[in-house]
Amino acid sequence: MFEGYVWLVWLGVALVLVAIEAVTVDFTFLMLAGGAVGGSLAAAFGAPPVVQAVVAALVAVALLAIVRPWLMKRFQANTPQQLMGAAANVGRSAVAIDRVSPAGGTVKLAGETWSARTLGDSIEPGEEVVVDSIDGATAVVSRARLVGE
């Protein structure tokens, strides 16, 4: 049925694998697609089906063993850890809106008003603070230290 066009079937398989890779983004299906391209090349040069399958398998295994680990390392090394949500506020500076004590208070943090508390002494309105941690919806803050203090 596909006599003479088996190489197109291999390319179709490669395209399906690339589409799956676009969803998973794990580089596994991309390596398998590379194996399918190898099988397609073998078919285009007139290799029998068994040789096509062996070429596809060997290329896929080689890509999985050599190229995929390198790609994974390369992409993970250049991607810094991105904190999201409340955790992204840890380490940020804020300004006390009213008195902040261990019992509570409020601060202006990233343009928003947050409930806040300290673990030690009280902080007066207008003082700059640093967010030490987030406890639920409350920022745990401490007085900002000047360099050299």
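Student: Is Asp 121 buried or exposed?
Tutor: In this predicted model, Asp 121 counts as exposed, because its relative accessibility is 53% and the cut-off for exposed is over 50%.

Student: And which side chain does Asp 121 meet in a salt bridge?
Tutor: The side chain of Asp 121 meets that of Arg 143 in a salt bridge, at 2.9 Å from N to O. This pair links distant parts of the chain, since Asp 121 sits in the loop between strand 3 and strand 4 while Arg 143 belongs to strand 5, 22 residues apart.

Student: What about Arg 143, is that buried, partly exposed or exposed?
Tutor: Arg 143 counts as partly exposed, with a relative accessibility of 24%. There is also a network of salt bridges here, in which Asp 121, Glu 127 and Arg 143 are linked.

Student: How many salt bridges turn up in the whole structure?
Tutor: A search of the whole structure finds five. One of them joins Arg 68 to Asp 26, with the closest N and O atoms 3.0 Å apart. Arg 68 lies in helix 3 and Asp 26 in the loop between helix 1 and helix 2, so this pair ties together parts that are 42 residues apart in sequence.

Student: Which residues touch Leu 63, leaving aside its neighbours within four places in sequence?
Tutor: With those neighbours set aside, Leu 63 is in contact with Met 31, Gly 34, Gly 35 and Arg 68. Leu 63 itself has its place in helix 3, which covers residues 49-77, and it counts as partly exposed at 22% relative accessibility.

Student: Last topic: which residues form the nonpolar patch on the surface?
Tutor: The patch is formed by Tyr 5, Trp 7, Leu 8, Leu 11, Val 37, Leu 41 and Phe 45, which together have about 710 Å² of accessible area. Helix 1 (6-24) and helix 2 (28-44) are the elements that give two or more residues to this patch, and helix 1 gives the most, with three residues.

Student: How exposed is Leu 8?
Tutor: Leu 8, which is found in helix 1, is partly exposed, with a relative accessible area of 42%.

Terms used: Residues numbered from 1 in each chain as written. Predicted model: local features only at pLDDT ≥ 70, side-chain atom pairs only at ≥ 80, totals over all residues. Heavy atoms only, no water. Patch = residues over 30% accessible without salt bridge, like charges linked within 9 Å, V, L, I, M, F, W, Y side chains within 5 Å. Areas by Shrake-Rupley, 256 points an atom, 1.4 Å probe, with all protein chains shown as cover. Salt bridge = Lys/Arg side-chain N within 4 Å of Asp/Glu carboxyl O. Helix = DSSP H or I, 4+ residues; strand = E, 2+ residues; numbered from the N terminus. Buried < 20%, exposed > 50% of the residue type's maximum accessible area, 1.4 Å probe, protein only. Contact = heavy atoms within 4.5 Å.
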